[in-house]
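Please look over the following model with care, chain by chain. The report below describes some of its contacts and one of its helices.

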There are 4 protein chains.
Amino acid sequence: MAGIGTASGPRAAAIFDAARELLAERGHDGLTIEAVARAAGVNKTTIYRWWPSKPALVRATVLHARALDISVPDTGSLRGDLVALVEQVTGLLTGPHAEPVVRALAGASGQPELAELTRELFAGGFAREQPVFERARARGELPATDPQLLVDLVAGAVRVRVLLRRQPLPDRFAADVVDAVLHSARYPGEGE
Amino acid sequence: MAGIGTASGPRAAAIFDAARELLAERGHDGLTIEAVARAAGVNKTTIYRWWPSKPALVRATVLHARALDISVPDTGSLRGDLVALVEQVTGLLTGPHAEPVVRALAGASGQPELAELTRELFAGGFAREQPVFERARARGELPATDPQLLVDLVAGAVRVRVLLRRQPLPDRFAADVVDAVLHSARYPGEGE
Amino acid sequence: MAGIGTASGPRAAAIFDAARELLAERGHDGLTIEAVARAAGVNKTTIYRWWPSKPALVRATVLHARALDISVPDTGSLRGDLVALVEQVTGLLTGPHAEPVVRALAGASGQPELAELTRELFAGGFAREQPVFERARARGELPATDPQLLVDLVAGAVRVRVLLRRQPLPDRFAADVVDAVLHSARYPGEGE
Amino acid sequence: MAGIGTASGPRAAAIFDAARELLAERGHDGLTIEAVARAAGVNKTTIYRWWPSKPALVRATVLHARALDISVPDTGSLRGDLVALVEQVTGLLTGPHAEPVVRALAGASGQPELAELTRELFAGGFAREQPVFERARARGELPATDPQLLVDLVAGAVRVRVLLRRQPLPDRFAADVVDAVLHSARYPGEGE
DNA sequence: TAGTAACCGAGACGGTACGTCACGTCTTATC
DNA sequence: GATAAGACGTGACGTACCGTCTCGGTTACTA
């Protein structure tokens, strides 16, 4: 997106690569500037020339890696779209790249730079999913629940499962989660 | 609970207090052993005698502070119980104490000690809520959804809202979330 | 003098000014190439184009500023000439410009360039004072002491007083020093 | 002397040795804290624990090494004592140890710590030589010249010769200098 | 008048040293 | 037996200069 706001020198690519890899392999605490410099074959001062602090580098790296990008699906049904969405979230958080990033963002306590980035990436997020619900409304299958809340419910379940429960996700988790929100909230006996 | 797993000397109280406060005020990164020692009026070596590392101290502190404890409500209805539960989660994450703790736990990447603690606190969590659902079943109001998943949905929405969206929670958020899962998944026209 | 040995571009004046000022105000250690560039409103590379190193720049600056120049007096007597000479040395070392220069030169340990410059400025120095002694010889007032040594004695006393004792010079110091060397070495009772 | 004011840890000896050697071999600019640490087989932080800055370390090193110490001679005559004194100064400045120290002290421009040390070592110096002149007075051979000034003259000549002229000292320099101040100021024809 | 050389600014870089902070370990008192 | 006190090696922080390089743009002379 416009506004990455990263002036970046010629060596930027190598630095981003190194930073991304370190973040993935050793987590946010293992991402030291000096380690990035070593891994990128670059001098420490070169990094500081471009990013004034570790949060700034992390921010730029995350934005550059687009590690959290999601493509909005169009499957023809609300349920299908939601399942596809949740599967993407699941896939990201299960794969090796995005999880450390999300942990770093969720865990950032005293770094305004990362807090702001987190907000940008997650709070504005609903704009992305909006088309799904517009198509659903056009098809007349929109549930009464506020769409934003609906996304929070399904995505939240996945994220909490990974970030806090730290438990493996069952194969059908995405579908289960979506169905739970769309259908199964009906009480037994209401018919199915 | 049993299994804090830490012998604790006489100075433990002061150390826990200092650690809890630092964690709350300065976040996980501001919680340095030396800062805790200073704040507790205790020598650094004393801390290392009891807790071999920073994660160990954090773990003990979190367990000792019971910062994440929740009391299981009994309001007479499933909806009431769930709303009460979510309100407690909301209250915790909104207050000044629990949020940094949860961030620290969610953000822990390379510390097995904290990962394990996180699992203990969140994965085993459903045992706590089980009575709510047993009472609901007794009353015949149990929805088809897997109770565990149901809790993940509502709690996940709250936690993601705080940890990742970093947005304020509306007043009626708890009720909205619960209602979304219990009722509003019905399609419009099904009646309410 | 011929032999500044430095081609000098148009910006040389500004650079010399800045260097001289920095040397005077912040001493030899405060004279960084980058500071000179900033103060002279000139790019760092421009300085490096003309002077390959800091000692080279210092050397050129000192030569250009003529900070240590002395005019040979002719007062009609050896004593008068010597007093005038010493007063000039005193004046220089008391003023703000020359002292840091002399300190830089005296303190230069590992820079052959500055060592050489020091030799040029101080070792060849006697050539300057020679006329004083030739006139004195013509007047028949030349003492037995080697003139060069005589100059070293009086100038040395002043310089040591400033550089090493770091004490203020009394008003009549120049005259006292000269008289000490010319007269007072006689033992008391020898008459005057 | 009392008042070195140097709290010093167990590793102090190795550090002083390394610092002294580096100062002697590479001059004041070659004396970096990290180089001292390397040479002393000690960690950088250990040095900073004890001496807050480079000047402080230099100061302590110089005081500890007693590189400038002089023993007051008693040869039975003022001339003999003075010659012995000057020979000591000469010997020091000619040897490998003291010269870089004196250069460092003379060259110190912006370091109050070293300026103060210089004053301590050189300004208070006359107290050391005083016995020489008291004995001379007792023997009735005290010249009219202020003793302090006399010392400044002879020592100044030597020091300037080394520090600024940077020329080798002739063998008989000490005697010549002393004689110049004691005797040869007489005009030719006065006899010898 | 066109071209070329001298000069300069700008930007980027690897590198060394600075002085600081926290880590985790160890030894030696002291209560 | 628990603690304080002190010292240490280690790694990383973020900063300042160093000296080098490349590139592109002006002047200003000169052919």
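The side chains of A:Asp152 and B:Arg161 form a salt bridge, with 2.9 Å from N to O, where a salt bridge is a side-chain nitrogen of Lys or Arg within 4 Å of a carboxyl oxygen of Asp or Glu. Between chain B and chain A the count is four salt bridges. Helices here are DSSP runs (H or I, at least four residues), numbered from the N terminus.

This is a predicted model, in which local features need pLDDT of at least 70 and side-chain atom pairs count only at pLDDT 80 or more, while totals for chains, interfaces and linings use all residues. Residues are numbered from 1 along each chain as its sequence is written, chains are lettered from A in the order in which they are written, and side-chain values use heavy atoms, with hydrogens and water left out.

The contact between chain B and chain A can also be described by its area and its residues. Chain B and chain A bury about 4500 Å² between them, 57% of it on carbon and sulfur atoms; buried area is the accessible area (1.4 Å probe) that two parts lose on being put together, summed over both. The contact takes 50 residues from chain B and 50 residues from chain A, contact meaning heavy atoms within 4.5 Å.

| Chains without contact | Closest C-alpha atoms |
|---|---|
| chain A and chain C | 17 Å apart |
| chain B and chain D | 17 Å apart |

Within chain D, helix 1 (residues 12-30) has 19 residues, but its end C-alpha atoms are only 20 Å apart, short of the 27 Å that a straight helix would reach at 1.5 Å a residue, the expected span being 1.5 Å times one less than the number of residues. Helix 1 of chain D bends by about 90° at D:Ala24, the bend being the angle between axes fitted to the seven residues ending there and the seven starting there. Among the buried residues of this helix are D:Phe16, D:Leu22 and D:His28, where buried means under 20% relative accessible area (1.4 Å probe, protein chains only). What covers the buried residues includes helix 2 (33-40) and helix 4 (54-65) of chain D.

Conventions:
Helix = DSSP H or I, 4+ residues; strand = E, 2+ residues; numbered from the N terminus. Buried < 20%, exposed > 50% of the residue type's maximum accessible area, 1.4 Å probe, protein only.
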